[in-house]
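Hello,

Here is the structure we talked about handing over. My notes on it follow below.

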Amino acid sequence: MLDLILTAEFNASYVDAFKYLGAGIAMIAGIGAGIGQGIAAGKAAEAVGRQPEAEGKIRNMMLLGQGVAETTGIYAFVIAILLMFVA
Amino acid sequence: MLDLILTAEFNASYVDAFKYLGAGIAMIAGIGAGIGQGIAAGKAAEAVGRQPEAEGKIRNMMLLGQGVAETTGIYAFVIAILLMFVA
Amino acid sequence: MLDLILTAEFNASYVDAFKYLGAGIAMIAGIGAGIGQGIAAGKAAEAVGRQPEAEGKIRNMMLLGQGVAETTGIYAFVIAILLMFVA
């Protein structure tokens, strides 16, 4: 009977371990948003340097585009949270 | 008989563990959309700096293209959800 | 006899576990489509900024090219679904 309890406990821990590993791995997705949004920021800075009077429009375009690039990072965040607390 | 129950339980847990690991790994796909959408945002900001009066058309093209680039990120999200709660 | 059943069950679980791991790994393919389609979207936005009146033709070309770039992402999605529910 003790064996039964012990094994059940071991099984639960084993599965939890992989949830946490999965949550960590999911966050690797953030690499993409980091690089992409940085490229966008760089191009926007370049564009402002070329056309300073279009600063407002360039800023709006950069922020809109970066917002879209953020989404997969948010998906990864959601999956990590689900893995840790829901799954 | 107890052994049988224990082993069945261990097996089930074992499989669940890899589902969670798989869900985390799937999210790595988000790297691509993050980089690609950021490049699109950068090019759009650049284009607005060059032709501020074409802002609307440039924004539409950027959002349309980013929407397509988002798809594989969404596929990964769907697979992760399926792995965690359905498979 | 019990041992035989137990071992067969363990083997089946072992295989299932790796199916789910494989499904997650397959989705990593989406990185490529994400980056590539984003580059296409960026170049299209750039082209619209240069020739706003050619917007329709530029959009068609972008979507056609992105459709081709999408294929490997869809292959990965199909393989992941097959691994989870059919294989």
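How many helices and strands make up the secondary structure of chain A? The count is three helices and zero strands, and the elements run α-α-α from the N terminus on. Please keep in mind throughout that this is a predicted model. Of the 87 residues in chain A, 39% are buried.

Record annotation

UniProt, in an unreviewed entry, places the feature "transmembrane region" at residues 20-42 and 63-86 of chain A. In the model, residues 20-42 are 87% helix and 0% strand, with 35 Å between the end C-alpha atoms. Residues 63-86 come to 96% helix and 0% strand, and there the end C-alpha atoms are 32 Å apart.

S13(A) sits in helix α1, which covers residues 2-26 of chain A. Is S13(A) buried, partly exposed or exposed? Its relative accessibility is 44%, so S13(A) counts as partly exposed. Between S13(A) and G30(A) there are 28 Å from C-alpha to C-alpha, for a separation of 17 residues in sequence.

I25(A) also belongs to helix α1 of chain A. I25(A) has a relative accessible area of 18%; the cut-off for buried is under 20%, and I25(A) is therefore buried. What does I25(A) touch, leaving out residues up to four places away in sequence? The list is L21(B), G24(B), I25(B) and I28(B), which are residues of chain B. As for position within its own chain, I25(A) is 45 residues from E70(A) in sequence and 18 Å from E70(A) in space, C-alpha to C-alpha.

Chain A against chain B

The contact between these chains involves 49 residues from chain A and 49 residues from chain B. The size of an interface is often expressed as the accessible area that is lost when the parts come together. For chain A and chain B the buried area is about 4000 Å², and carbon and sulfur atoms give 77% of that area.

How many salt bridges are counted between chain A and chain B? There are two. One of the salt bridges between chain A and chain B joins the side chains of K57(A) and E55(B), at 3.9 Å from N to O. Polar contacts between chain A and chain B come to seven residue pairs, with both residues at pLDDT 80 or more. On the side of chain A that touches chain B, α1, α2 (30-50) and α3 (55-85) each supply at least two residues. The most comes from α3(A), with 16 residues. By class, the residues on this side of chain A are 32 nonpolar, 11 polar and six charged.

Chain C against chain B

Here 50 residues of chain C are in contact with 50 residues of chain B. The area buried between chain C and chain B is about 4000 Å², with 77% of it from carbon and sulfur atoms. Two salt bridges are found across the interface of chain C and chain B, along with eight residue pairs in polar contact, both residues at pLDDT 80 or more. Which helices of chain C supply at least two residues each to the side that touches chain B? They are α1 (2-26), α2 (30-50) and α3 (55-85). The largest share of that side, 17 residues, comes from α2(C). The side of chain C that touches chain B has 31 nonpolar, 10 polar and nine charged residues.

K43(B)

K43(B) lies in helix α2 (residues 30-50) of chain B. Is K43(B) buried or exposed? At 13% relative accessibility K43(B) falls under the 20% limit, so K43(B) counts as buried. The side chains of K43(B) and E46(C) meet in a salt bridge of 3.3 Å, N to O, and the pair is also joined by a polar contact of 3.3 Å. Beyond residues up to four places away in sequence, K43(B) touches K43(A), G42(C), K43(C) and E46(C).

Regards

Notes: Residues are numbered from 1 along each chain as its sequence is written. Chains are lettered from A and ligands numbered from 1 in the order in which they are written. This is a predicted model: local features need pLDDT of at least 70, side-chain atom pairs count only at pLDDT 80 or more; totals for chains, interfaces and linings use all residues. Side-chain values use heavy atoms; hydrogens and water are left out. Helices (H or I, at least four residues) and strands (E, at least two) are DSSP runs, numbered from the N terminus. Buried means under 20% relative accessible area, exposed over 50%, partly exposed in between (1.4 Å probe, protein chains only). UniProt positions are given in the numbering used here, feature names are shortened, and annotations may be inferred rather than shown by experiment. A polar contact is a pair of N or O atoms within 3.5 Å; within protein, one must be able to donate a hydrogen and the other to accept it, and residues adjacent in sequence count only if both atoms are side-chain atoms. Contact means heavy atoms within 4.5 Å. Buried area is the accessible area (1.4 Å probe) that two parts lose on being put together, summed over both. A salt bridge is a side-chain nitrogen of Lys or Arg within 4 Å of a carboxyl oxygen of Asp or Glu. Ala, Val, Leu, Ile, Met, Phe, Trp, Tyr, Cys and Pro count as nonpolar, Asp, Glu, Lys and Arg as charged, and the others, Gly among them, as polar.
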